[in-house]
Structure formats: structure tokens, C-alpha cells
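Here are a few exercises to work through with the coordinates open. Try each one yourself before reading the solution.

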Amino acid sequence: MFRVVLLSLYVAVGFAAKNYEGYKVLRMKSLSEGQVEALRLLLDEQELDFWNFPRDLMVPPSQLASVKEYLDAKNIDFHVWIEDVQLKIDSRFSGKPRTDEFDYSVYHTLDEIYEWIDSMLADYPNLASIVNIGKSYEGRDLTVLKMGVDTGKTKRNAWFNSLIHSREWVSGAACMYMANRLMSEYSTEPDIQHLLETYDVYYMPVVNPDGYLHTWDPDGDPMWRKTRSPNEGSSCLGTDGNRNYEYMWGGQGASPIPCFETYRGPGPFSEVETVAMADFFRSRPDDVFDIYLDYHAFGQMILSPWGYTADYPLDYATMDEAMKVMTDAIFDVHGMNYTYGASGPTLYPTSGDTIDWFYGDQNIIHSYTFEIRDEGEYGFFLPEDQIIPTGEENYAGFVALCLHIATP
Ligand SMILES: [Zn+2]
């Protein structure tokens, strides 16, 4: 009952503290290289937030006139893509009544996600186990769900995680759906039985629990992306977990300034959340991990290393083939197009990201970042009725990748 009341409160009034009324997202039209460089300078403006660089830029009402003036001066063609960000935030909830049974078609609070992990263990005692890899900065469990069957033989290993960026809610919602499909189809689908006999699959639902809680907090910020650790000499909290990994840390596409959304942290692995995940892998030298997948939103893209450079990695041909397998499988479910490519050359450089470390340090060739739905209509605030379709298509992509790798 309490949950129903609480939820309707969210729906009715939105979030009390940080409000995005009047914030607009501007979408740039085709850009010359010089114009991209002109936009790059806006990355240094703390008040502005590129939802997708260089295409989509969120601007607060107070900055709108000056940003428009700047874009006009650079002859950059743009239109207002989202008129009012707060309206998008408020309308993602479908208003569907909550049930006692876990509902995959709605967004869930952090507590509900932790309960879900426990329920997986209870529902699938022969398939599921829990691995705690540490605590978040604010002391919350960093919990991983392990799925697989003991065959008595050496198995392959796959890992996927969500919500390193706390505002990207659909990454968690879609991945929980995927984990549940894996478990529930083990006994009915020969492919899935084969998969769970071949791989142990690790799923970490909430890499950044402190940030995720903050996005749900009535006194918080629905747009919060980073961790919640304090920064010396700054009033701004948090580090971007996906710029904090050690491999080529501190290069391009990661800010040295704590107030920025892409703040890299004071040093590599400065965040307990990122170091906990790294330690988990570093402590298992005998386990071969074939797959590392990091789920984000939004953009409908699959990205491979490298992030830190525009150069292609040595193994790119292998990656390219696997990404094609995944995007084809995704397309076959609901006809959604996901593009793919190497992160740096395709998008823009991002140093210290997860996949560069998992490939560059841990030698996992199949290390990919997923930017799942949508292409920007709702951006970070995907309506709940798209959660299950998003989960369905990405489940197909995940299964296809596992089977592709394991097929000689
Ligand atoms: Zn993200």
C-alpha cells in the first residue's frame, strides 16, 4: 500500500528537489567538423549537459538565449527536440497499479531490486547464487547474481551489468528482464539449457546503488549519473564510474573537473564501486571470461573498444562480426535498428571506460557497451511500456552472442 501511495506521489508531483521544468534538449542537424569542434567547447560549460555528443544538448532556461546565440554564430542548424524535460521525467511512469509479484514492465526502486535478487535465489536454487563483491561509498551491498549449472567441467564465463550511470533506468529494468528469461527458460529451451551448461553468467544489476537511490529520492535528482562520493576541494559530489577505470585513465573524453558529469575521479579506480568490480576479476585468474557487457541508455548502439583513441583495436574484425550477430538478433525481435562500431572512431573518445579496461587489461575481446532504447525521443526517461520490448530484443542479442562465441 505504501508503495502505491509513494509511486502515485512521484507521478503526481514529479520530484521535489531538482526540477527540470523549462529545460530543453536541442538537437543539432548535420554538422561540419568545425561545428563539432565548436560544440566541443560547450562540454566545458557546467550548466550544459550533452545527452548525446554532439547531437543532443540539454539547456536550462537561464542559458537558452546565450546558447542559441552561440549556435547561430557558428551557423549550427538545430531545433528544439524536447520542449520540457520535466514533462518527460514525469510521464515515464505508466501509472499501472503495483502488484506483490515482481512486475518487469515497471521501474523499480533500489530496495525492490535487492528483493528481486533474493527472489531469484529462492525461485531458482539450482541455477542461482549470490556473490557480494563489496560495498558502495554509502555502504550498500554491491551484489552480483550468478547463473549457471554445475557440470563438473570447466565453464566459460560471461558478465553483464547495468546502472553504472544511475539515471539510465531502463538499463537495469531491461537487464533484470533478461536475467529472468535466462532462468525461466532453462528448463524449456534447449538453447538456454546449453547456454547455462556452457557459461556461468554473472549479472550485476546496480553498479552504482548510491546514485540510483538518489535518482528516486524525492529530495534527489532524477538526472543523477555519477557515484556519490565527495570530492576534495569541491562542493560537487561524485565520479563518473565509466571514466574511472585504470586502462588509459585520464585521457580524452573524461573531465578533470569534479562538477562535470564525466568527471574521471582523482585517480584511476578511486571509486569503491569500480575497484570492487575490478578486484572481482583480478582475483579470478583461472576463470576465463569471454564476455563483458556494460548496459547503458540511450542511443541504440553497440560499442566496442577502443574508447580512448580513434584507432581500431587489433581484434576489431572479431568484434565487428560479433556485434553484427547481436544487432541482427536484436532487429529480428521488434525491427529495431541498433548501430554498432568501435567507440572512439564511431562516437567520440572516452578514456577510463569499462570496456577499455576489460579488453585492454583483462583481455576480454568481447567487451561491449550497449546504449539501449531509445534513439532520443524520450532519452533517459523511456516510458515503462517500452521496458519489456527493450528487454526482449536485448535478450536475443545476448543469447546470440553467447552461442556465437561458443560455437566452434
Ligand atoms: Zn551511461
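A charge sits over a ring if NZ of Lys or CZ of Arg is within 6 Å of the ring centre and within 35 degrees of the ring normal. Keep in mind that this is a predicted model.

**Exercise 1. Find where the charged end of an arginine sits over a ring, and give the distances from the ring centre.**

Step 1. Start with R264: its charged end sits over the ring of W249, 4.8 Å from the centre.

Step 2. Now go to R27. Here the charged end sits over the ring of W81, and the distance to the ring centre is 3.7 Å.

**Exercise 2. List the protein donors of the zinc ion, then work out what the angles say about the arrangement.**

Step 1. Look at the spacing in sequence. The donor residues follow the pattern H-x2-E-x127-H.

Step 2. Recall the reference value. Four tetrahedral donors would ideally give angles of 109.5 degrees.

Step 3. Check the angles. To count as tetrahedral, four donors need all angles between 85 and 135 degrees. The four donor atoms here subtend angles of 58 to 148°, so the arrangement is irregular. One caution: water is not among the atoms, so sites may look incomplete.

Step 4. Ask about burial. H165 counts as buried because its relative accessibility is 2%, and E168 does too, at 3%.

**Exercise 3. Describe the surroundings of R373: where is it found, is it buried or exposed, and which side chains does it make polar contacts with?**

Step 1. R373 is found in the loop between β12 (366-372) and α13 (387-406).

Step 2. Check accessibility. With 6% relative accessibility, R373 counts as buried.

Step 3. Go through the polar partners. The R373 side chain makes a polar contact with the side chain of E393 at 2.8 Å, and another with the side chain of Q386 at 3.1 Å.

Step 4. Widen the view. Leaving aside neighbours within four places in sequence, the residues in contact with R373 include V170, A297, F298, Q300, H334 and Y338.

**Exercise 4. Classify the ring pairs W159 with F280 and Y247 with W306, and say which parts of the chain they tie together.**

Step 1. A pair of aromatic rings is described by the distance of the centres and the angle of the planes.

Step 2. Get the total. The count comes to 42 aromatic pairs. One of these is W159 with F280, at 5.4 Å centre to centre and 45° between the planes, which is a tilted pair.

Step 3. Locate the partners. W159 belongs to strand β7 (residues 156-162) and F280 to helix α9 (residues 272-282), so the pair ties together parts 121 residues apart in sequence. Both W159 and F280 are buried.

Step 4. Turn to the other pair. The ring centres of Y247 and W306 are 5.3 Å apart with planes at 10°, so this pair is stacked. Y247 is in the loop between α8 (209-216) and α9, and W306 in the loop between β10 (301-304) and α10 (316-334), so parts 59 residues apart in sequence are tied together.

Step 5. Y247 is partly exposed, with a relative accessible area of 22%, whereas W306 is buried at 11%.

Step 6. Look for a wider group. W159 and F280 belong to one aromatic cluster, whose members include Y202, Y245, F269 and W357.

Definitions and conventions:
Residues are numbered from 1 along each chain as its sequence is written. This is a predicted model: local features need pLDDT of at least 70, side-chain atom pairs count only at pLDDT 80 or more; totals for chains, interfaces and linings use all residues. Side-chain values use heavy atoms; hydrogens and water are left out. Donors are N, O and S atoms within 2.8 Å of the metal (3.2 Å for Na, K and Ca); water is not among the atoms, so sites may look incomplete. Four donors count as tetrahedral if all angles lie between 85 and 135 degrees; four count as square planar and six as octahedral if opposite donors are over 155 degrees apart and all others between 65 and 115; anything else is irregular. Buried means under 20% relative accessible area, exposed over 50%, partly exposed in between (1.4 Å probe, protein chains only). Helices (H or I, at least four residues) and strands (E, at least two) are DSSP runs, numbered from the N terminus. A polar contact is a pair of N or O atoms within 3.5 Å; within protein, one must be able to donate a hydrogen and the other to accept it, and residues adjacent in sequence count only if both atoms are side-chain atoms. Contact means heavy atoms within 4.5 Å. Rings of Phe, Tyr and Trp (its six-membered ring) pair if their centres lie within 6.5 Å; planes under 30 degrees apart count as stacked, over 60 as edge-to-face and the rest as tilted.
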